[in-house]
Amino acid sequence: MEDTNSSSEKGFLLLGFSDQPRLERLLFIIILHFYILNLLGNAAIILVSCLDPRLHTPMYFFLSNLSCVDICFTTSVAPQLLVTMNRRDKTVSYAGCVAQLYVAMGLGSSECILLAVMAYDRYAAVCRPLHYTAIMHPKLCTSLASTAWLSGLVTSLIQCSLTLQLPLCGHRKLDHIFCEVPVLITLACVDTTFNEAELFVASVIFLIVPVSLILVSYGFITQAVLRIKSAAGRRKAFGTCSSHLVVVIIFYGTIIFMYLQPARGGSKNQGKFVSLFYTIVTPLLNPIIYTLRNKDVKGALRTMVMGRCWGPDGHGLSCNLR
């Protein structure tokens, strides 16, 4: 019993890249810069989506929700990771690890559902343009966004609670960059077949099913775009979806690799870099991709920075953005 309770009393040792000091110092600098840029970029998208009336559309409503998820998701991992990387003592309190476990799992799951919702929005915009406003009405948009957030909360409560029931028998060393369900399962000193099966089922629901729905949506989108006779019209239609598709490939590709491989399989360092990618890098890519490839967002950002709007006669007008 004393060995079993030692993890909750002493916390965990978050090893990360401590066996490679030079790499750890380099990653500290990179992660710090990426985290700051992530906060600025996603906060800018939320601001322009709220302040510019031209962006009060379903697409930007979901995009602002995605940016909010990304800010919270990265914040649940990056600050603690930076602290442990910058000190010799790699101990993380049990309460801190549990909190990170629940929050990161919930937000990551919410993002999986939210990306599928955004694919449905793009399907409605391209394939049903005349009925788009009627289909994606405000109540439906709010319900879909709420479903994404609540589904993440529910799966987090279930998966994390089941994982924390596993006896660790004094094992405290987490050879990873943050507290994550697959890594904690490997510390257990009992048979984890049920937990691995449960995690696999949850991964299918939150990863494979959304990806399948996204692929089906883009199949219909491709068919609709190919029927457009104008080359300019086809480019515009593909442009509305290409940014979302890039985000989907990057995010799902890395997280599927982490959650659908055997719990005790794969290179440890490989798993750490994959986790770094979908917790630190991908949330930064979202604002970059959506901003650089979207004229509306670039125009709204330019307006916000300049602090005024331009009328049709070219004279500056004060903005009354709400």
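Glutamate 198 sits in helix H9 (residues 193-226). Helices here are DSSP runs of H or I with at least four residues, strands are runs of E with at least two, and both are numbered from the N terminus. Is glutamate 198 buried or exposed? Its relative accessibility is 18%, so glutamate 198 counts as buried. The cut-offs are under 20% relative accessible area for buried, over 50% for exposed, and partly exposed in between, with a 1.4 Å probe and protein chains only. Glutamate 198 touches Ile158, Gln159 and Leu162, not counting residues up to four places away in sequence. Contact means heavy atoms within 4.5 Å. Isoleucine 158 is 40 residues from glutamate 198 in sequence, yet the two C-alpha atoms are 9.6 Å apart.

This is a predicted model, in which local features need pLDDT of at least 70 and side-chain atom pairs count only at pLDDT 80 or more, while totals for chains, interfaces and linings use all residues. Residues are numbered from 1 along each chain as its sequence is written, and side-chain values use heavy atoms, with hydrogens and water left out.

Now the whole protein. It has twelve helices and five strands. Of its 322 residues, 46% are buried. Among contacts between residues at least 6 apart in sequence, 78% join residues at least 24 apart.

The largest nonpolar core has 82 residues. Such a core is a set of buried Ala, Val, Leu, Ile, Met, Phe, Trp, Tyr and Cys residues joined through side-chain atoms within 4.5 Å. Those with the most contacts inside this core are Ile31, Phe62, Leu115, Leu174, Tyr252, Tyr259 and Leu276. Which helix gives the most to this core? Helix H5 (residues 94-127) does, with 15 residues. Take leucine 115. Leaving aside neighbours within four places in sequence, leucine 115 is in contact with Leu66, Ile214, His244, Val247, Val248, Phe251 and Tyr252.

H5 packs against helix H3 (residues 58-75). The axes of H3 and H5 come within 10 Å and cross at roughly 165 degrees. Axes are lines fitted to C-alpha atoms, for helices over the stretch in contact, and angles run from 0 to 180 degrees between N-to-C directions. H3 and H5 are therefore roughly antiparallel to each other. Angles over 145 degrees count as roughly antiparallel, under 35 as roughly parallel, 65 to 115 as roughly perpendicular, and the rest as oblique. The H3 and H5 crossing is left-handed. Left-handed means that the near helix is turned anticlockwise from the far one by less than a right angle; right-handed means clockwise. On the H3 side, the contact includes Phe62, Leu63, Leu66 and Val69; on the H5 side, it includes Leu107, Leu114, Leu115 and Met118. The residues of this contact divide into 14 nonpolar, two polar and four charged. Here Ala, Val, Leu, Ile, Met, Phe, Trp, Tyr, Cys and Pro count as nonpolar, Asp, Glu, Lys and Arg as charged, and the others, Gly among them, as polar.

H5 also meets helix H7 (residues 138-164). Their axes come within 7 Å and cross at roughly 140 degrees. H5 passes H7 in a right-handed crossing. Among the H5 residues in this contact are Gly106, Ser109, Ser110 and Ile113; among those of H7 are Ala148, Ser151, Gly152 and Thr155. The residues of the H5 contact with H7 divide into 15 nonpolar, nine polar and no charged.

Next comes helix H2 (residues 21-51) and its packing on helix H4 (residues 78-85). H2 and H4 pack at an angle of about 150 degrees, with their axes 10 Å apart. That makes H2 roughly antiparallel to H4. Their crossing is left-handed. Glu24, Leu27, Phe28, Ile31, Leu32 and Tyr35 of H2 meet Ala78, Pro79, Leu81, Leu82 and Met85 of H4. The residues of this contact divide into ten nonpolar, no polar and one charged.

Glutamate 24 lies in H2. At 9% relative accessibility, glutamate 24 counts as buried. Beyond its neighbours within four places in sequence, glutamate 24 is in contact with Phe17, Ser18, Met85 and Lys90. Serine 18 belongs to the loop between strand S1 (12-14) and H2. Serine 18 is partly exposed, with a relative accessible area of 31%. Serine 18 and arginine 88 are 70 residues apart in sequence and 8.5 Å apart in space, C-alpha to C-alpha.
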